[in-house]
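This report walks through helix packing and sheet architecture in one model. Please keep the structure open while reading.

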Amino acid sequence: MRNLTLRSVLLGLAAPVGALVFAALLCAGILAVTGHSPVDTVDAMSASAQRPRTLVNSLNTAVSYYLSAVAVAIGFRMKLFNIGVDGQYRMAALLAAALAGAAFMEGVPPVLRVTMTVLASMLVGAAWAGIAALLKVTRGVSEVISTIMLNAIATYLVSYLNNPARLAEVNPGSNDVKTPDITAGGQVPGFEVTGSSSKVYGLVFLAVLVGFLYWFVLSRTRFGFELKATGLSESAAVASGVSVKKMVVISMLLSGAVAGLVGIPELLGASHSYSLNFPAGVGFIGIAVALLGRNHPIGMAVAALLWGFLFNTANSLDTAGVPREIVDIMQGVIVLSVVVAYELVRRYRVRAEQHAVGHALGRTKTAEEVSA
Amino acid sequence: MSTEPPAGGAPAPAVQLSAITKRFPGVVANSDVNISVRVGTVHALVGENGAGKSTLMKILYGMQQPDEGTIAIDGAPVIFASPADAIRAGVGMVHQHFMLADNLTVLENVVLGSEPRKGVGLDFATARARITEISSAYGLGVDPDRLVADLGVGERQRVEILKVLYRGARTLILDEPTAVLVPQEVEELFGNLRDLKAEGLTILFISHKLDEVLSVADDITVMRRGTTVASVLPQDVTARKLAELMVGSALPVPELRESTVTDEAVLSVDGLTVVNADGRTVLDDVSFTIHAGEVLGIAGVEGNGQAELVEALMGIRPCSAGTITLSGRDITRATTRQRRESGMGYIPEDRHRQGLLLEATLWENRVLGHQTSKPNVRGPLLDRRGAKADTERIVAEYDVRTPGIEVHAAALSGGNQQKLIVGREMSGSPVLLIASHPTRGVDVGAQAAIWEHIRRARAERLAVLLISADLDELIGMSDTLSVILRGRLVADHDPAAVTPEQLGSAMTGAGRED
């Protein structure tokens, strides 16, 4: 972390704030053109924001978005693109749900049972990501391609396994298919919030812990340094004794393990089973959140909360007569404009720093050395 | 170009640069530069690499704008926003790297960008006539209908000159025009320059080859550290005096004092062979030994296996046969990290590619390559305080010019980046230093400092493998000299007895017949 000056803080905020304002203006324009009132939309969203339930749901959604973003960011730090978080967390959630809901888990003490579930999800996520890592280091297959393909395979594998003939059962009274319910001993109770029918996930702390570990490992350990070095310059890392292949495998496994956690707060805190209705696509949202949060542990938390909030207020737009798709548009515009804005700020920073160095050294030294 | 000579005096200078200042990211800026170029002369601008010559010429040619100061052409102040403005005012530039399209003829290249039109078509006949006219007027001897691909280097340069003249330039800037020429071509070029001068054109000639400057220039301006330090006449100075003006002090000479070579072998390489990915043998049965306190210099034309040798020694590139022994331990199969941990320091040939993380701070760069050793780490944890304190030490001891250790490496000039790398690689008492072109692209001050650090470490029993393209550096800094040619060590020389010429001929294989 660099020296915190007012200027550097302002520069850091310039890009995301600018992108948000730009996206808001653009969405207002789109609403106006399509004959909806931007003012009504803001009213509807802020009315919904005042309901505790919306806030609780936003926080819960943000928890899984955040975990997904951290999983993506681990790869991003060394220019490794794990597009497969989506497949990794769905595989992990399904298998962890099947394990936690299995009859033989009844007798296991609650703490051990939850720990086993969490570890199982991490193992499954890491294993699924590990396939892409192995393909990359042994056969040179781009992880972008392999993880996308593994997502598709995961989709089919999950529907194959999530079947009454295999791991699942039919939800009584519906045509939904789900794994057996996790009984009370395997659940993680949430926190009541007055005025809200939903509870805050107990595993919100898991996200905080993962965020802290992410920060600590990346900025305080040798491994984190080597990860960053590999991302900045692979050739310099190799010359410095870093085994890039080893880094690819380790970071992909770590990314996959965190990806495995994405569905767990929801699974153990609310749904208690993996069903056809289990949230999908969170892996891709994680990419957007990581981009918006610049792979920074706090930045990604803010971005995840924003995304969670937008997602949960979208429901209230329908009642206000505004198409809820405006939220998707807004999210898309934010991501696109934030990427552009970050790059502009980055270039400006590099130039400003070189100027500062040139100014501090170039002129004064030159004059003095010449006269000497 | 009609210029009224000022009443009663000599004509206004063709180019007058006054108090030009350019603050420029990370490198030596131009500061208070003053040059006056008389009409109809060859004016040489000399200075070390990085003295600010190129920046100044870019300002004069409109590629960059000065922060302060004025430019006057033939006495009239001008502001150039782009090269087009400069060309319009009669200033043209011949770049060091030719900008010609090989698959076009001379005529097509010359008119490219300022095509003569006749209605909707191109008027090649008029253009051809003008080219022939210019060519014969200045004795350039250029045939407009030849394909550029068929021309030699000297001829291409004349095409570049013709291109500039065709656009109406009266003042020509030639950026290191002799760098690419062989001696006869240099003579021809100087003949052309004298013809141009005789026709009343003005030439600004940038060079650091002092003998050439003395033979062709009418006036000489010396630049140092971004400013003009002297204006002299060639008849008043010698090449040595000019060189001292350029560097500002007596020239540093690469030389070792008394021998410190011991009989303790540090690095032994035996039969090292490297086959690259295409199956070509790039290093063939290379054997040598470096002792404690010895500098082994490797001379060779670039691309004869030096890079592969260095990478094989560092464990970056696998070797196909042979053994490498460091302090009695076989490290042939060791990883780069194990080699570094057992005391190998590495100054890479390309510091941006292998030596630095440009977008990381100086102290993070201090850690790079030394991630497992004190004071950078404590177990698996980074020791940020230790690394920062040690970076401060390197910055002070190695005179790295920086406002602080939290700036990015990219913000430093090349010489200061290199001093940081040398300081880092000398840390933790290495037993062997592999120095690949350690003073390439750094200024004279940094060069002398780097030599001094290598000398001092050698006195403390460091073994050094020195690879360089600078023959004076090799001869001056080595205890033993070997020549590498096509992947083989072909000859050993005594640096005390060998001349650069002898070494040069051995490098091209000419010396093998004796």
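## Helix H2 against H13 in chain A

This is a predicted model. By class, the contact of H2(A) with H13(A) holds five nonpolar residues, four polar and no charged.

Helix H2 of chain A covers residues 38-49, and helix H13 of chain A covers residues 297-319. They pack at an angle of about 125 degrees, with axes 9 Å apart. That angle makes H2(A) oblique to H13(A). The crossing of H2(A) past H13(A) is right-handed.

## Helix H4 against H6 in chain A

Helix H4 (residues 85-101) and helix H6 (residues 143-161) of chain A have axes that come within 8 Å. The axes cross at roughly 20 degrees. Angles under 35 degrees count as roughly parallel, and H4(A) and H6(A) are therefore roughly parallel to each other. H4(A) passes H6(A) in a left-handed crossing.

On the H4(A) side, the contact uses Asp86(A), Gly87(A), Arg90(A), Met91(A) and Leu94(A). They meet Leu150(A), Asn151(A), Ala154(A), Leu157(A), Val158(A) and Leu161(A) in H6(A). Seven residues of the contact of H4(A) with H6(A) are nonpolar, two are polar and two are charged. An α-helix has 3.6 residues a turn, so residues three or four places apart point the same way.

## Helix H4 of chain B

Gly139(B) follows H4(B) and has a positive phi, near 65 degrees.

## The six-stranded sheet of chain B

Six strands of chain B form an open sheet in the order E6-E9-E10-E3-E11-E12, with mixed pairing. Strand E6 (91-94) and strand E12 (227-232) of chain B stand at the edges. Each has a single partner strand, so one side of each is left without a neighbour in the sheet. On average, neighbouring strands of this sheet are turned by 20 degrees against each other, direction ignored.

Strand E3 (residues 42-46) and strand E11 (residues 219-224) of chain B run parallel and are joined by four bridges. Val46(B) has Val222(B) in E11(B) as its bridge partner. Helix H1 (residues 53-60) of chain B packs on the sheet, where it touches E3, E6, E9, E10 and E11 of chain B. The direction of H1 makes about 150 degrees with that of E9(B). Helix H5 (residues 153-166) of chain B also packs on the sheet and touches E6 and E9 of chain B. The direction of H5 makes about 165 degrees with that of E6(B).

## The four-stranded sheet of chain B

Another open sheet of chain B has four strands in the order E14-E13-E16-E17, with antiparallel pairing. Strand E14 (281-291) and strand E17 (329-330) of chain B are the edge strands, and each pairs on one side only.

Strand E13 (residues 265-275) of chain B runs antiparallel to E14(B), and seven bridges join them. The bridge partner of Val275(B) in E14(B) is Thr281(B). Helix H9 (residues 306-314) of chain B packs on the sheet. H9 touches E13, E14 and strand E16 (321-326) of chain B, and its direction makes about 65 degrees with that of E14(B).

Notes. Residues numbered from 1 in each chain as written. Chains lettered and ligands numbered in written order. Predicted model: local features only at pLDDT ≥ 70, side-chain atom pairs only at ≥ 80, totals over all residues. Axes fitted to C-alpha atoms, helices over the stretch in contact; angles between N-to-C directions. Helix = DSSP H or I, 4+ residues; strand = E, 2+ residues; numbered from the N terminus. Parallel < 35°, antiparallel > 145°, perpendicular 65-115°, else oblique. Left-handed = near helix turned anticlockwise from the far one by under 90°. Nonpolar A, V, L, I, M, F, W, Y, C, P; charged D, E, K, R; others polar. Contact = placed C-beta atoms within 7 Å. Pairing = 2+ DSSP bridges.
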